[in-house]
Amino acid sequence: MEISLTSAAQYRSLSRSSVPSTSLISKFTPISSLSFANFSTTKQFSVRRRLIPRQNCSIKVQASTDGAITANQEQNDDFILEDVPHLTDFLPDLPACPNPLKKSQAYAIVKRTFVSPEDVVAQKIVVQKDSPRGKHFRRAGPRAKVYFQSEEVRACIVTCGGLCPGINTVIREIVCGLKDMYGVGEILGIQGGYRGFYSKNTIQLTPKSVNDIHKRGGTFLQTSRGGHDTNKIVDNIQDRGINQVYIIGGDGTQKGAAEIYKEVERRGLKVAVAGIPKTIDNDIAVIDKSFGFDTAVEEAQRAINAAHVEVESVENGVGIVKLMGRYSGFIAMHATLASRDVDCCLIPESPFYLEGQGGLFEFIEERLKENSHIVIVLAEGAGQEYVAQSLHAADEKDASGNRLLLDVGLWLTQKIKDHFTKVRKMGINMKYIDPTYMIRAVPSNASDNIYCTLLAQSAVHGAMAGFTGFTVGPVNSRHAYIPISRVTEAQNTVKLTDRMWARLLASTNQPSFLNSEVVQEKS
């Protein structure tokens, strides 16, 4: 049989003579004891450590019937590692030391305390027999060697952008992780977002000071949009002697984190920059989901249930619930599927129209005749082009560069009311609910609390291991270190040709508002 393996970096190339033989009856030599091949990568810089891709080649291991293993090099392997930077890329003489977790009482019973340098996480796990192996990311977790002594670490945490359930949990677990797992004593909280770096707004963070902040909504450190000035921020990092920076924020914030990392590298500073992606809309690419999303969907149920109770209690009740979703309709879609009381879900990815055959007005009238009530869930980014045309509004952006949205909920409410009272001469009872800020402001639920803990600890392990310019998140349920550029290059959106959207259409029995050709074109 043949086993495809990966080889080692430049220092440990696998030759036929170095491959240990084994018996087919006994276990094969663990992959971690072999060296990994130089597989292809998208990384552009020079790195000096194990599992670093250099050439398009792999190691193919042949196990014969007598148990002997031989290896040969094969060119043009289709295994791709999308690697993250490391401090030794630009500080090659940086010394490493044993991870203090080795002496931790909590980790003493763990069978495998440290993640192997060869462990990777596949981006795509549903494959066919002859599919390429595809893209992979480094598995997150503690390493046997770290590049920071506990007493030399001076870390800081900053939160930027809009609110989201779970921010305080991430802050708490970074602080507790640094202190409890690695013995770090100096941790600063940067107040008020990026501008807090050069406004000298800081507080000292300890496990005691953050002990119960996970029970509150919002952010313990306060936040703001914009204010990013790379040179000022890095100057301040350098002046304060900060050598680990944990940045919690969305797309724009992570782009700022990437700029901070590049400037740190240019100056040759021993500073690890770790990003924790945050967006309540779940629109971050690559990772399975963003923290706070589960809480948002759960809280949205309350608003949907209230709307359903209201419209069910009157004749011709029309309830509209506006949920978050600037560019992506994940909250609206998942809340609709979870509720089962929703008749129609409108999201930014799926354009709709009001009048004519197959339009929204016709569907509403059919449901009113059938059930005498209807509940519509509306993502805030849906139908923005119609609202802009109707109100002749200019395209404006906020301090983070996001498009300022018009209130599609109020616009649609008025349009429905005008159509049925003036055109169809029908009496209807409109109920409009906008729970946006209520949902953003709640503390995270149990599921998100656990998720935030894993994100925070993964970020701490990565920074202590010397990785930098990375973000963390689950890829196919396995936490990984991901280049920041991968999570900012595109937004995650609802795919109209995926089964999840088909499940929603089957649940609500609403029209798709699009023919198959248009759906394929949009997807």
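**Exercise 1. Helix α6**

Task: In this predicted model, find which residues of helix α6 are buried, then say what covers them.

Solution: 
- Step 1. The buried residues of α6 are F330, I331, A332, M333, A335, T336, L337 and S339.
- Step 2. α6 spans residues 330–339, and eight of its ten residues are buried, so the rest of the structure largely encloses it.
- Step 3. Look for the cover. It includes two helices, α5 (293–312) and α13 (499–508). The strands β15 (317–323), β16 (344–346) and β17 (373–379) also belong to it.
- Step 4. Go just past the end of α6. There R340 has a positive phi of about 70 degrees.

**Exercise 2. α5 against α6**

Task: Work out how α5 and α6 are oriented to each other, and which residues meet.

Solution: 
- Step 1. Take the axes. They come within 9 Å and cross at roughly 60 degrees.
- Step 2. Classify the angle. Roughly perpendicular begins at 65 degrees. α5 and α6 are therefore oblique to each other.
- Step 3. The crossing of α5 past α6 is right-handed.
- Step 4. List the contact. From α5 come F293, A296, V297, A300, Q301 and I304. From α6 come F330, I331, H334, A335, A338 and S339.
- Step 5. Sort these residues by type. Nine are nonpolar, three are polar and none is charged.
- Step 6. Recall a rule for spacing. An α-helix has 3.6 residues a turn, so residues three or four places apart point the same way.

**Exercise 3. Strand β15**

Task: Decide whether β15 is enclosed or open, then find its pairing partners.

Solution: 
- Step 1. Count the buried residues. Seven of the seven in β15 are buried, so this strand is largely enclosed by the rest of the structure.
- Step 2. Pair β15 with β17. The two are parallel and share seven bridges. L323 has A379 of β17 as its bridge partner.
- Step 3. Pair β15 with β18 (residues 429–433). These strands also run parallel, joined by five bridges. Here G319 is partnered by K431 of β18.

**Exercise 4. α7 against α9**

Task: Describe the packing of α7 (360–371) on α9 (408–423).

Solution: 
- Step 1. Read the geometry. The axes lie 11 Å apart, at an angle of about 70 degrees.
- Step 2. Classify it. The two helices, α7 and α9, are therefore roughly perpendicular.
- Step 3. α7 crosses α9 in the right-handed sense.
- Step 4. Name the residues. L360, F361, I364 and E365 of α7 meet L412, K415, I416, H419 and F420 of α9.
- Step 5. Sort them. Six are nonpolar, one is polar and two are charged.

Key:
Residues are numbered from 1 along each chain as its sequence is written. This is a predicted model: local features need pLDDT of at least 70, side-chain atom pairs count only at pLDDT 80 or more; totals for chains, interfaces and linings use all residues. Side-chain values use heavy atoms; hydrogens and water are left out. Axes are lines fitted to C-alpha atoms, for helices over the stretch in contact, and angles run from 0 to 180 degrees between N-to-C directions. Helices (H or I, at least four residues) and strands (E, at least two) are DSSP runs, numbered from the N terminus. Angles under 35 degrees count as roughly parallel, over 145 as roughly antiparallel, 65 to 115 as roughly perpendicular and the rest as oblique. A crossing is left-handed if the near helix is turned anticlockwise from the far one by less than a right angle, and right-handed if clockwise. Contact means heavy atoms within 4.5 Å. Ala, Val, Leu, Ile, Met, Phe, Trp, Tyr, Cys and Pro count as nonpolar, Asp, Glu, Lys and Arg as charged, and the others, Gly among them, as polar. Buried means under 20% relative accessible area, exposed over 50%, partly exposed in between (1.4 Å probe, protein chains only). Two strands pair if DSSP finds at least two bridges between them.
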